[in-house]
Amino acid sequence: MKFEEKLEQYAELAVKVGVNIQKGQYLLINTSTDALEFTRMVVKKAYEAGAGRVHVNLTDPYFTRAFYEFGNDEEFSKYPNWIVAQRDELIERKGALLWIDADDPDLLAGIPVGRISAQQKAAGEALVNYRKAVMNDDIAWSIIAVPSKKWAAKVFPHLPEDEQLDALWDAIFKTVRIGEGNAVEKWRKHVNDLEARAKQLNDKKYAKLHYKAPGTDLTIELPDKHIWASGSSKTPEGVTFIANMPTEEVFTLPYKYGVNGYVTNTKPLVYQGNVIDQFTLTFAKGRIVKAEAKVGNDLLQELIEVDEGSKYLGEVALVPHESPISTSGILYYNTLFDENASNHLAIGEAYPTCFEGGRDLEQTQLESLGINTSITHEDFMIGSGEMDIDGILPDGTVEPIFRNGNWTF
């Protein structure tokens, strides 16, 4: 299959499977100038699929870096009202949101941590309505990625410069099942497989999970009414969409106060244009009581101080070590890909859709049930070929779920 044909399939996949655009629906695309050519293709595909209006928010890495490097200090604790209004209108119109990511993992390297954390907190507080809509699946949304030169250089530093971009394109195409046959049909089968795995876990109704690996000994309690979900989500109107492409995970939420022990990351966390790596988090009664990183420690400390909820977990996700992204041996320095190569957890907001009836509950009700709320949600990778996970049933029976990083059933 030629490169242009693969691009066409990728654009079609984003529109028809990712956000699953509906007739007359409003589509908002957030992307950067590094993805401009591909975004044009997506816009065309969206209109061909029946979108009512497609609007593109276009940023540029230079503009972003310039703001953080030269902007006035007081601006970092503010967030533009027009962006909030745009997201609110999207929700009111039951529109769809597509992120096309091409970010440089080191975009904000060297920027004062205080500026990054202040802007992150300002954005989280301003976009609370939008975050609720996304976490509740009230709108269809999806994140995909395309290569940029700087990102490709980070992933493939050993290759000649003129080969790096093509290598990253090829790798991304493989992760989203493009190359042979009909990608849309392949995705539908893949989603069915993930949903079957989620059903197995839901039938078990484990009370706790116990993780053991080098640098990790962690027990996570699960709420009685927890739900394991796959990468396929559904809006209140019944429209299915895929939030992350690629996706290899099944996930649920933890009981906020039931996490104890310690866990060490196995892949770097790229957070706000900086790398955090070689870190260990220690939990007691759900709360992070100690956090240490050899790389990016200052930013890690800021991350867990965004608000009270950022000191607790909001997501538990299972991904076999033999997943396609993991077996490729490629470290993407991009959470969208790296989280689908590894078991992972998330600091911050929990998905209410992973709790029976949670979609209809207010924040105070969620908190009263031990479901974490926060203005942040950051995944970090903990899985490896040395990780064992046991499921503990309500009666205390212990069953193996993962051995040596892979499913036992």
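This is a predicted model: local features need pLDDT of at least 70, side-chain atom pairs count only at pLDDT 80 or more; totals for chains, interfaces and linings use all residues.
Residues are numbered from 1 along each chain as its sequence is written, and side-chain values use heavy atoms, with hydrogens and water left out. Local features need pLDDT of at least 70, side-chain atom pairs count only at pLDDT 80 or more, and totals for chains, interfaces and linings use all residues.

Trainee: At roughly what angle do the axes of α1 and α9 cross?
Mentor: Helices (H or I, at least four residues) and strands (E, at least two) are DSSP runs, numbered from the N terminus. Axes are lines fitted to C-alpha atoms, for helices over the stretch in contact, and angles run from 0 to 180 degrees between N-to-C directions. Helix α1 covers residues 3-18 and helix α9 covers residues 183-204. Their axes come within 9 Å and cross at roughly 45°.

Trainee: Why is α1 called oblique to α9?
Mentor: Angles under 35 degrees count as roughly parallel, over 145 as roughly antiparallel, and 65 to 115 as roughly perpendicular. The rest are oblique. The axes cross at roughly 45°, and that makes α1 oblique to α9.

Trainee: Which residues of α9 does α1 meet?
Mentor: Contact means heavy atoms within 4.5 Å. From α1 come Q9, L13 and V17. Their partners in α9 are A183, V184 and W187.

Trainee: How many nonpolar residues are in the contact of α1 with α9?
Mentor: Ala, Val, Leu, Ile, Met, Phe, Trp, Tyr, Cys and Pro count as nonpolar; Asp, Glu, Lys and Arg as charged; the others, Gly among them, as polar. The contact of α1 with α9 has no charged residues and one polar residue. The nonpolar count is five.

Trainee: What covers the buried residues of α1?
Mentor: Buried means under 20% relative accessible area, exposed over 50%, partly exposed in between (1.4 Å probe, protein chains only). Buried residues of α1 include L7, Y10, L13 and V17. The cover includes α2 (36-48), β3 (96-101), β4 (140-145), α8 (161-175), α9 and β8 (240-242).

Trainee: What is the bridge partner of W99 in β4?
Mentor: Strands β3 and β4 run parallel and are joined by six bridges. In β4, the partner of W99 is I143.

Trainee: Is the crossing of α4 and α6 left-handed or right-handed?
Mentor: Helix α4 (residues 81-92) and helix α6 (residues 128-135) pack at about 35°, with their axes 9 Å apart. A crossing is left-handed if the near helix is turned anticlockwise from the far one by less than a right angle, and right-handed if clockwise. For α4 and α6, the crossing is left-handed.

Trainee: Which residues of α6 does α4 meet?
Mentor: The α4 side supplies R87, D88 and I91. By class, the contact of α4 with α6 has three nonpolar, one polar and two charged residues. The α6 residues are N129, Y130 and A133.

Trainee: Which side chains of β6 point to one face and are buried?
Mentor: Side chains alternate along strand β6 (residues 216-221).

Trainee: What positive phi does G215 have?
Mentor: Strand β5 (residues 208-213) runs antiparallel to β6, with six bridges between them. The two form a hairpin with two residues between them. G215 sits in the turn, and its phi is about 80°.

Trainee: Which residue in β10 stands opposite D217?
Mentor: β6 pairs with strand β10 (residues 259-264) in the antiparallel sense. Four bridges link them. Opposite D217 stands Y262.

Trainee: What is the relative accessible area of L218?
Mentor: L218 is found in strand β6. Leaving aside its neighbours within four places in sequence, L218 contacts residues including L209, Y211, V259, V263, F283 and L345. L218 is buried, and its relative accessible area is 0%.

Conventions:
Two strands pair if DSSP finds at least two bridges between them.
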